[in-house]
Amino acid sequence: MTVRPSHALDSAVSAPLAPLRVEYSSASATDALAQPDTLAVIGFGDTPQVHADPRWLRVRLRSEAPAPLEIWRASGRVAHGRDGDVAWSSDGAYAFVALNVDEAALGGISSAAQHAYATLARWSRASATPHFLRIWNYLDAINDGQGDTERYRQFCAGRAAGMDGMFGSSYPAATAIGLRDGQRVLQVYALAARAPGCAVENPRQVNAWRYPRQYGPAAPGFARAMRAPTATPQLYISGTAAIVGHASHHPEDIAAQLDETLANVRSLLDAAGSHAPLDAQSPLKVYVRHAPDMPVVRGLLRARLGDAVPLLLLEGDICRRELLLEIEGIHAG
Ligand code: 3EB
């Protein structure tokens with residue numbers, strides 16, 4: 001019998017992770033960054049804050065009121081640094097990886113996306129946390145351009161080219177949302193882990209990576225949700241909208257789109273075998289296309305979900321013009 005000397009290491013690598021702790025917080029970024037277990041601090045909206053720390057990220061989306069910070073906390077001691085245009089932090093179990101790519105320098109949104117994903121692929125191959133669980137993509141003017149030249153579709157094409165097999169047959173959960181500040185800088189950030197998660201698809205929706213050709217030259221490479229490789233259940237829910245099968249439903253009806261979206265989220269939780277209701281352990285982020293819809297959406301969500309679910313509402317464009325809102329989140333259960 002051969003005893004593999006790396007056995008102890010193998011089991012450490014495959015041991016379940018402690019859940020990442022994610023919260024919306026009114027703490028100051030400086031205080032949050034001072035904690036040794038802080039993996040990432042994400043500021044939304046017009047926050048003027050600038051921190052040199054690679055764990056700090058500003059997402060250029062407007063919020064209803066001054067937005068809370070999103071804080072990710074790991075379990076171990078967090079190291080952080082920069083490699084080229086990648087900012088990273090890691091406790092060995094999880095990693096936060098972020099990059100901003102100037103479109104003009106790369107020759108457009110498609111090449112910027114390709115560069116971003118090729119960079120992530122290279123980073124992950126050299127890392128102790130090579131498994132992507134969740135990726136966020138933010139780009140300016142996402143709906144500009146007609147047909148296959150729409151910027152979202154060009155982004156999808158570049159993303160597919162840059163991924164180049166890095167996810168094998170299973171994509172991570174994702175969000176892709178439009179910014180409106182005219183800055184042509186693609187923002188991509190990700191949560192990666194030491195062990196692989198498990199992709200979950202939604203039986204009410206066609207898998208996004210199988211969308212038919214009418215939605216663009218390259219199907220969007222993401223899973224509807226990702227079960228984290230954690231000791232207690234944790235589910236990362238992708239951006240979810242009023243799409244049934246592959247078609248958008250209820251154009252121009254924000255309330256009906258909200259209910260369809262919640263039906264999709266519930267169906268996804270069922271598919272993931274999660275029977276716990278959305279609660280205080282389920283922070284949701286809600287992207288709303290038209291600012292005047294924001295109080296309406298907040299009211300409807302409180303009526304549907306109760307007061308315990310942490311909500312962060314942001315103004316942003318959804319990747320199909322007729323979609324008025326999108327909901328993403330994390331769920332313990
Ligand atoms: C959808 O279901 C809505 O391109 O990464 C949601 C989540 C959407 C992620 C992406 C797109 C993406 O197709 C749009």
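How far does a polar side-chain atom of Tyr-211 lie from an oxygen atom of the ligand, and what is the distance? In this predicted model, whose residues are numbered from 1 along each chain as its sequence is written, local features need pLDDT of at least 70, side-chain atom pairs count only at pLDDT 80 or more, and totals for chains, interfaces and linings use all residues. Side-chain values use heavy atoms, with hydrogens and water left out.

The polar side-chain atom of Tyr-211 is 2.6 Å from an oxygen atom of the ligand, a polar contact being a pair of N or O atoms within 3.5 Å. For Arg-159, an N or O atom of the side chain is 2.7 Å from a ligand oxygen atom, and for Arg-224 a polar side-chain atom lies 2.8 Å from one. The ligand is surrounded by 13 residues, each with a heavy atom within 4 Å of it, and the closest are Tyr-152, Arg-159, Tyr-211, Arg-224 and Cys-319.

Arg-159 also belongs to the part of helix α5 that meets helix α4, where contact means heavy atoms within 4.5 Å. Helix α4 (residues 109–125) and helix α5 (residues 151–163), both DSSP runs of H or I with at least four residues, pack at an angle of about 35° with their axes 7 Å apart, the axes being lines fitted to C-alpha atoms over the stretch in contact and the angles running from 0 to 180 degrees between N-to-C directions.

Helix α6 (residues 254–271) and helix α7 (residues 294–305) pack at about 40°, with axes 11 Å apart. Leu-258 and Leu-262 of α6 are among the residues making this contact, as are Leu-300 and Leu-301 of α7.

Definitions and conventions:
Helix = DSSP H or I, 4+ residues; strand = E, 2+ residues; numbered from the N terminus. Polar contact = N/O pair within 3.5 Å; in protein donor to acceptor, adjacent residues only side chain to side chain.
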